[in-house]
Protein chains: 2
Amino acid sequence: VASLDSTASPDVRRQNLSLALAAALWHGPLSQASIATLTGLAPNTVSRLVTDLKARNLLTELGQEARDGVGRRGTLVGVAGQSVGGLGLEVSTDRLAVSLVDLTGGIAFERQRRVNNRSRSVSRTLDDLARLGRQALDWAEAAGMRLAGVTVAAPGLVDEPGHLVFAPNLGWADVHLVAEISERLGNDRGLSIQADNEANLAAVAEYWHGPGRDWGDYVLVSGEVGVGAGIVIDGRLFRANCGFGGEFGHLPVVPDGPPCPCGSRGCLERVSGLPAILAAAGLDADPGQRDAAIKLLTAAAGSGDAAAIAALDQAGRWLGTALSSIINLLAPQTITLGGVFGPLADWLAPAIWSEIEERAFVARFYRPQLVVSELGAVGAVRGAGWTSLRRVCEDPTLVPVDRSTGLSRASSA
Amino acid sequence: VASLDSTASPDVRRQNLSLALAAALWHGPLSQASIATLTGLAPNTVSRLVTDLKARNLLTELGQEARDGVGRRGTLVGVAGQSVGGLGLEVSTDRLAVSLVDLTGGIAFERQRRVNNRSRSVSRTLDDLARLGRQALDWAEAAGMRLAGVTVAAPGLVDEPGHLVFAPNLGWADVHLVAEISERLGNDRGLSIQADNEANLAAVAEYWHGPGRDWGDYVLVSGEVGVGAGIVIDGRLFRANCGFGGEFGHLPVVPDGPPCPCGSRGCLERVSGLPAILAAAGLDADPGQRDAAIKLLTAAAGSGDAAAIAALDQAGRWLGTALSSIINLLAPQTITLGGVFGPLADWLAPAIWSEIEERAFVARFYRPQLVVSELGAVGAVRGAGWTSLRRVCEDPTLVPVDRSTGLSRASSA
């Protein structure tokens with residue numbers, strides 16, 4: 001709570017740079033006059049801000065405005081590709097992944113490695129993850145791309161300082177992801193490193209460079225061995241107290257159901273995660289071999305295999321029951337199926353809808369939509385990359401002025 | 001998104017008046033110097049704002065500062081009692097209630113009438129509710145108290161324009177509460193009227209003039225014939241898309257449980273609402289006669305009646321199961337038992353805890369607390385009254401300057 005009387009302080013300048021960059025990010029390419037209209041800033045302020053952002057290689061000129069009528073046509077500016085990157089790293093039960101992304105939504109470098117992380121030591125898994133991360137850092141250095149930061153995605157409870165408190169499906173507890181990855185990356189460049197839950201990051205990926213901005217409030221339900229959810233309310237990720245919460249997979253749906261590694265019984269993920277579906281379908285597939293297992297399952301269901309169809313229907317019913325709780329509590333406009341639930345959506349959706357129609361009393365009075373994530377399995381690692389870039393969007397001065405442009409500090413807005 | 005360059009506009013003046021009033025409301029009585037410190041506003045600006053708020057009878061002088069050391073002791077100012085009131089009206093299954101409250105947390109006028117609203121027409125019930133409201137308005141007029149507005153509490157889904165969409169336990173659907181009450185109050189004074197769900201209003205009551213500000217994020221669970229919840233996150237009521245959501249009573253807890261008037265089966269309120277507890281306890285009491293029923297139930301449980309104790313234990317288990325879903329999704333720091341759950345807390349709490357400890361995986365990594373609402377059954381109607389006053393806190397200029405003080409418009413800050 002502060003006075004509004006302050007004259008342009010460094011904070012105001014940062015905020016105005018952030019506003020102008022956001023206008024270009026969400027609405028660009030656009031003219032400086034359009035930035036002024038969108039932000040409410042004075043045209044000469046916008047002009048100084050755009051000069052500054054260009055000097056930081058965050059904005060670039062993208063041709064002339066196409067416009068009818070009289071008056072000078074403005075130069076269009078837009079977010080510059082590949083000048084600055086965000087690194088995402090992901091550890092999940094069955095793979096390691098890295099994604100180096102830029103502000104335009106582009107993917108500069110992406111790799112993944114299939115490996116069963118449930119049967120290895122934490123240390124070996126993190127060594128391998130850092131090795132993937134260093135490949136991306138080397139690529140960025142060779143390409144002249146500056147790094148805004150690193151974000152690590154993990155399938156468990158991650159607190160705000162980036163400490164992985166508990167990941168039952170990995171069998172990990174109490175792992176300080178930020179410190180461990182920082183040490184392994186040889187972080188002498190002072191990279192900002194953070195960590196978050198994989199479903200949270202998959203949810204923000206849809207907002208940054210997917211259709212998420214048109215979804216209203218939404219819940220992305222991510223299915224893997226475990227089941228998670230990322231909740232976006234008013235355009236912001238809901239991270240709850242300490243960053244906990246969103247543990248959708250541990251909603252109790254079967255009062256006396258099967259035991260869960262979390263310590264409870266009848267948790268949603270025990271009856272609707274990939275291993276439960278494969279077991280109910282009677283398919284001999286390793287859920288850790290995700291793509292192969294999905295292929296087997298969709299082939300069986302597609303060819304009319306009654307056990308596979310029944311298994312998917314039952315998993316959809318439990319998902320629908322748990323989603324009814326979310327709808328009755330939070331009334332999201334959109335439910336997004338991510339992870340393995342995407343390729344299985346044709347079989348899951350009818351059962352999900354049937355439970356929502358019966359149980360989600362609130363859904364009778366507005367129209368939630370059920371959509372399938374197009375990002376699917378890469379959502380979390382790309383969301384991690386874009387989250388790393390978010391700091392630059394909030395404070396563009398984190399990216400230094402490129403001295404070769406000759407812009408002096410004194411002339412910046 | 002606007003420029004921060006604007007000079008003091010009417011909006012800025014309103015906002016500064018609101019800041020100064022809020023400082024007095026939450027931290028008063030206090031000196032003008034303390035208001036300046038809390039708000040970051042310049043001392044002479046604060047002086048003008050306090051003069052203005054006193055002229056509107058919103059602030060009043062409350063003696064001299066008690067302070068050691070040198071320097072002049074400041075005059076303390078605080079929120080004025082009874083100069084402006086907020087009216088709350090409540091319709092529930094078994095009663096009608098009115099509460100006229102002031103900014104200090106004082107209750108100027110409060111009445112309730114026991115009546116079974118489930119067996120009467122909507123129109124007769126609203127006639128009676130408006131009659132109670134008019135008694136409060138007459139009281140306010142005689143006392144020289146100005147009215148900030150009216151808020152109606154109802155046990156169901158209320159959308160943001162104040163339309164009661166569905167209240168299964170009342171058997172009401174599609175009732176335009178704001179228009180109906182406005183018409184019945186003969187609202188030629190142009191009173192601002194709004195409506196909201198009873199559990200939402202009971203939750204904000206705890207924040208306004210209860211211990212709620214010290215609870216962090218919290219969920220107030222309100223038990224009556226139905227069960228509802230009000231969710232407060234970051235000091236703000238979470239109202240979800242269109243104002244829906246928070247329908248805790250319709251969380252599916254028993255997959256094939258008893259049918260619910262909402263159209264589903266096994267909803268929490270069907271197995272943990274007052275009628276379910278009374279039936280399981282084998283007590284012949286009318287849940288519509290709330291106080292008598294509670295008395296019978298606590299007497300039976302207190303004297304060791306096994307059926308009553310088992311019924312309360314079972315209700316507590318279902319509540320604990322549903323609360324585990326809330327904790328796994330939202331990780332609130334505090335769970336508050338309101339309505340009938342307050343007087344039953346001694347019997348419910350052990351079972352609630354036992355389920356949370358087993359099922360709420362997230363709760364093992366932070367410490368949620370379970371507290372009992374002290375406001376209890378009057379929470380919703382008082383919360384409605386304080387919600388009516390909230391508009392004045394946001395825009396103190398809604399209360400006109402009292403001409404007798406001689407303050408001219410031109411001299412206001």
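Predicted model: local features only at pLDDT ≥ 70, side-chain atom pairs only at ≥ 80, totals over all residues.
1. Ground rules. Residues are numbered from 1 along each chain as its sequence is written, and chains are lettered from A in the order in which they are written. Local features need pLDDT of at least 70 and side-chain atom pairs count only at pLDDT 80 or more, while totals for chains, interfaces and linings use all residues; side-chain values use heavy atoms, with hydrogens and water left out.

2. Where the chains touch. In chain B, 52 residues are in contact with 52 residues of chain A (heavy atoms within 4.5 Å). The side of chain B that touches chain A divides into 31 nonpolar, 15 polar and six charged residues (Ala, Val, Leu, Ile, Met, Phe, Trp, Tyr, Cys and Pro are nonpolar, Asp, Glu, Lys and Arg charged, the others, Gly among them, polar).

3. Buried area. About 4,900 Å² is buried between the two chains, and carbon and sulfur atoms give 63% of that (accessible area, 1.4 Å probe, lost on being put together, summed over both parts). Leu329(B), Arg359(B) and Phe361(B) supply 15% of the area that chain B buries against chain A, more than any other three residues.

4. Salt bridges. The rule finds two across this interface (a side-chain nitrogen of Lys or Arg within 4 Å of a carboxyl oxygen of Asp or Glu). The side chains of Arg265(B) and Glu358(A) form a salt bridge at 2.5 Å, N to O.
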